[in-house]
Amino acid sequence: MGKIKSLADLKNLKTDLQSKIDLREKGDSPEKLVQIKVAMATCGIASGAKEIMDFMIDELDKQSINSVVTQTGCMGYCYAEPTIEVTLPDSEPIVFGYVDNNRATEIIEKYIKKGEIVEGVLPVNYETID
Amino acid sequence: MVKNKINILVCGGTGCRASNGETIIDNFKQEIEKNGLEGQVSVVTTGCFGFCEKGPIVKIMPDNTFYTQVKPEDVKEIIEEHVIKGRRVTRLLYEDPETKEHISDSKHMGFYRKQIRIALRNCGFINPEIIDEYIARDGYVALGSCLTEKTPQEVIDEIKLSGLRGRGGGGFPTGLKWEFASKNKADQKYVVCNADEGDPGAFMDRSILEGDPHTVLEAMAICGYCIGATKGVIYIRAEYPLAIERLKIAINQAREYGLLGEKLFGSDFDFDIELKYGAGAFVCGEETALIHSMEGERGEPTVKPPFPAESGYKGKPSNVNNVETFANIPVILNKGANWFNKIGTEKSKGTKVFALAGKVNNVGLIEVPMGTTLREVIFEIGGGIKDNKQFKAVQTGGPSGGCLTSSFLDTPIDYDNLIAAGSMMGSGGMIVMDEDNCMVSVAKFYLEFTCEESCGKCVPCRIGNKRLLEILTKITKGEGTMDDLYKLKNLSNVIKDTSLCGLGQTSPNPVLSTLDNFWDEYVAHVEEKRCPAAECRALLHYIIDPEKCVGCTACARACPAGAISGTVKQAHSIDLSKCIQCGACMEKCKFGAISRK
């Protein structure tokens with residue numbers, strides 16, 4: 001990646017990146033790609049988010065489920081750490097709290113594979129500006 | 001993957017549960033079974049939707065239908081009409097109070113969501129270690145347009161128009177602060193980011209730095225352009241290792257992209273940022289102390305003026321802003337000051353991030369528009385008090401703030417209202433207390449903190465706070481006198497009036513506000529030697545009710561001090577002179593025979 005030398009450069013890069021993300025979302029096999037974000041601020045990590053992230057990556061990989069697992073910052077649900085957000089293709093993102101290995105397995109087996117929501121759903125109670 | 005699977009979410013928050021939430025779940029399960037829909041439709045309990053006044057809430061996925069005030073007898077209709085026939089049950093949809101229209105999708109229910117995330121907009125959304133994700137969310141566009149399309153004064157005017165005030169606690173208008181620094185001429189100026197978050201229980205700034213570090217870098221560069229500084233310094237406490245690591249990654253990525261460094265966006269403006277680590281002293285949140293600490297001196301405040309805008313870091317004009325203040329800047333410039341200043345109250349614009357903690361169900365990091373009431377924050381977003389206990393007080397502003405009682409629950413939160421109520425905004429710590437919290441102990445807790453954190457430079461703070469703490473300790477031990485209460489008040493006022501910096505000037509606030517709001521509780525400690533919240537151990541008495549005691553000896557075996565005596569199958573008794581008030585006996589008793597007074 002070269003340096004950004006003007007506002008136009010930045011805007012081009014932005015359009016580029018957005019289409020890449022769109023591609024990731026709507027890509028070649030939209031019926032398969034699952035996106036998972038793990039809240040990984042200090043507090044999330046302290047309550048085990050790193051282990052959950054590793055576990056999810058391993059487990060999804062083992063089962064050959066086409067997925068992207070990424071880290072993100074604080075989602076704000078301190079009472080329910082570790083928290084993860086799962087976005088199935090063509091679905092609204094759903095946030096699950098109190099995720100341990102058992103619940104992670106349940107999320108994979110029931111929600112990701114069968115679309116059946118499991119316990120631990122946290123309703124998103126805020127609006128984020130675009 | 002199975003498609004068209006229907007999920008029914010039922011709110012499991014305290015409010016909804018109290019209005020038959022569990023019966024609703026049972027009814028759903030029965031109806032699903034009756035209609036042979038197992039495997040196709042599932043029912044799940046969720047956390048609180050934060051819309052308790054219209055509860056119980058039922059949400060049907062995947063079409064996102066949001067039903068309010070659902071009664072157990074409505075379940076049959078929802079299953080038969082919505083789930084089986086695909087027709088929404090209109091009468092259970094939320095009715096917009098203005099248009100009287102039925103709204104099915106919670107996304108369109110404007111006031112349903114009490115929180116708006118501006119400073120936290122990217123936290124929990126982007127990967128903080130990848131600059132591309134920030135750029136995809138309009139990152140660095142504000143910086144680019146400032147450098148290429150606006151003069152520094154135009155940017156400052158925009159910030160002034162937005163009404164943004166310092167989020168670190170003081171509430172000084174940010175645009176004005178930038179203007180002061182910009183007017184002072186010098187060969188070198190500095191932009192300083194105050195990331196020395198020190199209030200006990202507060203972690204707003206850490207979350208922003210960990211979740212969205214680029215927003216702070218971008219805003220600092222914009223500030224640099226406005227005031228004419230080419231160097232930025234982030235003063236961050238060493239106790240925040242993850243925030244430091246992510247900032248380092250972000251700075252390197254921004255440099256690689258040419259977004260920090262020389263000739264940004266093809267202009268003549270150079271800007272770069274370095275990190276300075278603090279050892280984690282509360283006083284270093286005060287800007288003059290922070291600057292001394294950055295220079296390698298002791299973290300002690302000095303008299304203002306000169307203000308940092310005139311003579312700050314290395315004696316050069318400097319502008320110090322807090323992390324959250326910076327996080328608002330790019331949004332204001334992208335969306336316009338007139339968008340921003342429509343959010344909030346007359347004198348406090350925008351939103352504020354709070355670390356909501358203490359005895360509430362949903363402890364969390366929240367961001368609400370200024371003017372939201374404490375009741376909305378504690379009972380709707382926070383989901384109410386834990387274990388159905390009584391709300392007693394809420395502490396805002398950390399060690400500099402005060403405790404507000406239930407009479408302030410409907411006060412809209414903004415800088416001026418909180419000060420008028422005897423507390424302050426502070427950096428955003430908010431600790432909720434219930435009936436089991438002793439207010440004398442709360443004041444004592446904060447005084448212990450300030451005594452440890454006082455830099456010791458001036459006498460009122462160094463010695464005065466120590467004396468306050470001694471008197472409070474005496475009261476919690478039941479050795480206080482009425483005279484002590486008046487002494488507390490007098491001494492507090494002297495410390496407030498005669499201390500040099502903000503730490504000393506505000507440190508007696510927890511004492512003064514609890515004295516004002518909970519005078520009776522202090523008097524009970526002094527005159528009756530009683531702690532109404534049963535928290536002060538020295539004032540507790542454990543007593544065995546001989547009527548209820550069956551003589552099982554469990555308590556006597558649990559007592560570490562050998563204070564309980566009695567024969568098997570006979571009522572036991574506690575020797576109060578030996579009792580150390582640990583409460584072990586009460587926990588062990590299965591017959592509720594032991595009480596605490």
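First, the ground rules. This is a predicted model, with local features needing pLDDT of at least 70, side-chain atom pairs counting only at pLDDT 80 or more, and totals for chains, interfaces and linings using all residues. Residues are numbered from 1 along each chain as its sequence is written, while chains are lettered from A and ligands numbered from 1 in the order in which they are written.

Start with chain A. Its C-alpha atoms fill a box of roughly 50 × 35 × 25 Å along the principal axes. Four helices and six strands make up its secondary structure. Helices (H or I, at least four residues) and strands (E, at least two) are DSSP runs, numbered from the N terminus. The pattern along the sequence reads α-β-α-α-β-β-β-α-β-β. Of the 130 residues in chain A, 38% are buried. Buried means 20 or more other C-beta atoms within 10 Å of the residue's own, with C-beta atoms placed from the backbone.

Domains next. Chain A splits into domain 1 (1–27) and domain 2 (31–122); such bounds come from an automatic or database domain assignment. Their C-alpha centres are 27 Å apart.

On to contacts. Two residues are in contact if their C-beta atoms, placed from the backbone, lie within 7 Å. In chain A, 60% of the contacts with a separation of 6 or more involve residues 24 or more positions apart.

Now the interface. It takes 45 residues from chain A and 54 residues from chain B. Which element of chain A gives the largest share of its side? Helix 1 of chain A, with seven residues. The chain A side divides into 22 nonpolar, 13 polar and ten charged residues. Here Ala, Val, Leu, Ile, Met, Phe, Trp, Tyr, Cys and Pro are nonpolar, Asp, Glu, Lys and Arg are charged, and the others, Gly among them, are polar.

Strand 6 of chain A and strand 7 (residues 115–117) of chain B run parallel, joined by three bridges. Pairing requires at least two DSSP bridges between the strands. A:Thr128 has B:Arg117 as its bridge partner.

Chain B has a parallel open sheet of four strands, in the order 10-9-8-11. Strand 10 (272–278) and strand 11 (318–322) of chain B are the edges, each pairing on one side only. Within this sheet, seven bridges join strand 9 (residues 231–237) to strand 10 of chain B. One bridge pair is B:Tyr235 with B:Lys276.

Helix 11 of chain B lies across strand 8 (190–195) and strand 11 of chain B, at about 95 degrees to strand 11. Axes are lines fitted to C-alpha atoms, for helices over the stretch in contact, and angles run from 0 to 180 degrees between N-to-C directions.

That helix has a helical partner too. The axes of helix 8 (residues 213–227) and helix 11 (residues 323–335) of chain B come within 8 Å and cross at roughly 75 degrees. So helix 8 of chain B is roughly perpendicular to helix 11 of chain B, a label that covers 65 to 115 degrees. The residues of this contact are ten nonpolar, one polar and one charged.

Last, a second open sheet in chain B. Five strands, order 13-12-16-14-15, mixed pairing. Strand 13 (364–369) and strand 15 (402–405) of chain B each have a single partner strand, so one side of each lacks a neighbour in the sheet. The twist averages 30 degrees from one strand to the next.

Note on methods. Parallel < 35°, antiparallel > 145°, perpendicular 65-115°, else oblique. Buried ≥ 20, exposed ≤ 12 C-beta atoms within 10 Å, placed from the backbone.
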